[in-house]
Amino acid sequence: MKRIILVIGARGMLGRDLMGILQSSLPNDGVIGWDIEEIDIRKEEETVTKIEKLRPEIVIHIAAYTDVDGCELDEEKAFAVNAEGTKHVALAASRCRAKVVYLSTDYVFDGNKREPYLESDPPHPLNVYGRSKLKGEQYIQEWVKDFLIIRTQWLYGRYGKNFVDSILRQASKKKVLSIVDDQIGSPTSTADLAKAISVLIQFNGKGIFHLANSDHCTWYTFGQTILKRSGMDEVRVIPISSQELGRPAARPSYSVLNCEKLKKETGLTLRPWPEALEDYLATYREEKIEGGNWR
Ligand SMILES: NC(=O)c1ccc[n+]([C@@H]2O[C@H](COP(=O)([O-])OP(=O)(O)OC[C@H]3O[C@@H](n4cnc5c(N)ncnc54)[C@H](OP(=O)(O)O)[C@@H]3O)[C@@H](O)[C@H]2O)c1
């Protein structure tokens, strides 16, 4: 019999890539995608009733309020979606005895470690977004027997607002860009991440896993690389500090994730971020230009 796999957050940046990958890599399963139009996870009764009625075997919960600075300014919304919303999904899944795959973030860490974070390292979020996602992790662990928590970071992809597109857009209008140079992480392609999530599901991964493209850099180096590989290196980039940028939410200065557990259990390592970026630019640069997104 066909398994039902439900993706919540299916029309987000990662969701759209993930839907495509799951439909092609799991052709014998029924993959169903819902987003806020079909289910508002803030509403407990609606969430529980709808999921129970569907009776999925796997719920992949990637819906979230992902605007990190927005979360800082609206803590109530951040916790309603990312924490309580996740609790509602967890409750529903536990009633159907479904496995839950939950997407979490490097921002559960404070960045004081200075070497890649292990899944077992104690979390200590610096901002509201990180705290609300951590609370989501805790609800999943509390309510669901068979869970897979995937922490990832610095996502960019074809289907959402992201750093790569933003740099290209700004570079088409300005001669000088200022980019923060005191936060270190691993830029991660949603296309690569979606493939890795699908592999991990096929291996029936359990517990917490860190998944990101390999190698790391600062946002400044990431920005410089984007411009260089797009033939726009005439634009000057100035390194600035997070303090100078003055965003509402604090970010960890170091949040590289150790992805050895993924390699040990599945043999998989995500490729270095510059390779993934190269592919993204080669595939979507024209589309972005024609779409008028940044030129
Ligand atoms: N982006 C990153 O750099 C990053 C880094 C680490 C972890 N993550 C995690 O990875 C996952 C996917 O991220 P993403 O960047 O693909 O996010 P995204 O593009 O913002 O997608 C999230 C989706 O969830 C939907 N949503 C928001 N509130 C909802 C609600 N109350 N009920 C149902 N759906 C709701 C959003 O709809 P609207 O657009 O209409 O609000 C959107 O379609 C998230 O769990 C995020 O926390 C992301």
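What follows is my run of entries, beginning with the ground rules.

**Ground rules.** I am working with a predicted model, in which local features need pLDDT of at least 70 and side-chain atom pairs count only at pLDDT 80 or more, while totals for chains, interfaces and linings use all residues. Residues are numbered from 1 along each chain as its sequence is written, and side-chain values use heavy atoms, with hydrogens and water left out.

**Entry: strand S4.** I began with S4, which spans residues 99-105. Helices (H or I, at least four residues) and strands (E, at least two) are DSSP runs, numbered from the N terminus. How many residues of S4 are buried? I found 7 of the 7 buried, so S4 is largely enclosed by the rest of the structure. For the record, buried means under 20% relative accessible area, exposed means over 50%, and partly exposed lies in between, with a 1.4 Å probe and protein chains only.

**Entry: partners of S4.** Next I looked up the strands that pair with S4, where pairing requires that DSSP finds at least two bridges between two strands. Strand S3 (residues 58-61) pairs with S4 in the parallel sense over 4 bridges. Within that pairing, I noted Val101 as the bridge partner of Ile60. Strand S5 (residues 147-152) also runs parallel to S4, and 6 bridges join them. There, Val100 has Phe147 as its bridge partner.

**Entry: Ser104.** I stayed in S4 for Ser104. Ser104 has a relative accessible area of 4%, which means that it counts as buried. Which side chain makes a polar contact with that of Ser104? I found Glu137, at 2.7 Å. A polar contact is a pair of N or O atoms within 3.5 Å; within protein, one must be able to donate a hydrogen and the other to accept it, and residues adjacent in sequence count only if both atoms are side-chain atoms. I also listed the contacts of Ser104 (heavy atoms within 4.5 Å). Leaving aside neighbours within four places in sequence, Ser104 touches Lys133, Glu137, Ile149, Ile150, Arg151 and Thr152.

I then went through oxygen atoms of the ligand. One is 2.7 Å from a polar side-chain atom of Thr66. A polar backbone atom of Ala64 is 3.4 Å from a ligand oxygen, and an N or O atom in the side chain of Lys133 is 2.9 Å from a ligand oxygen. The protein covers 79% of the 890 Å² of accessible area that the ligand has on its own. Those areas come from the Shrake-Rupley method with a 1.4 Å probe; for residues, only the protein chains shown count as cover.

**Entry: two loop residues.** Ala10 sits in the loop between strand S1 (4-8) and H1. Is Ala10 buried or exposed? Ala10 has 7% relative accessibility, so I noted it as buried. Leaving aside neighbours within four places in sequence, Ala10 is in contact with Gly15, Arg16, Met19, Gly33, Trp34 and Asp35.

Glu37 is in the loop between strand S2 (30-34) and helix H2 (44-54). Glu37 reaches 60% relative accessibility, so it counts as exposed. I also found a 2.7 Å polar contact between the side chains of Glu37 and Arg11.

**Entry: positive phi.** Trp154, in the loop between S5 and strand S6 (155-156), has a positive phi near 45 degrees without being a glycine. Trp154 is buried, at 8% relative accessibility. Asp215 is not a glycine either, and its phi is positive at about 70 degrees. I placed Asp215 in the loop between strand S10 (207-210) and strand S11 (217-218), and its 46% relative accessibility makes it partly exposed.
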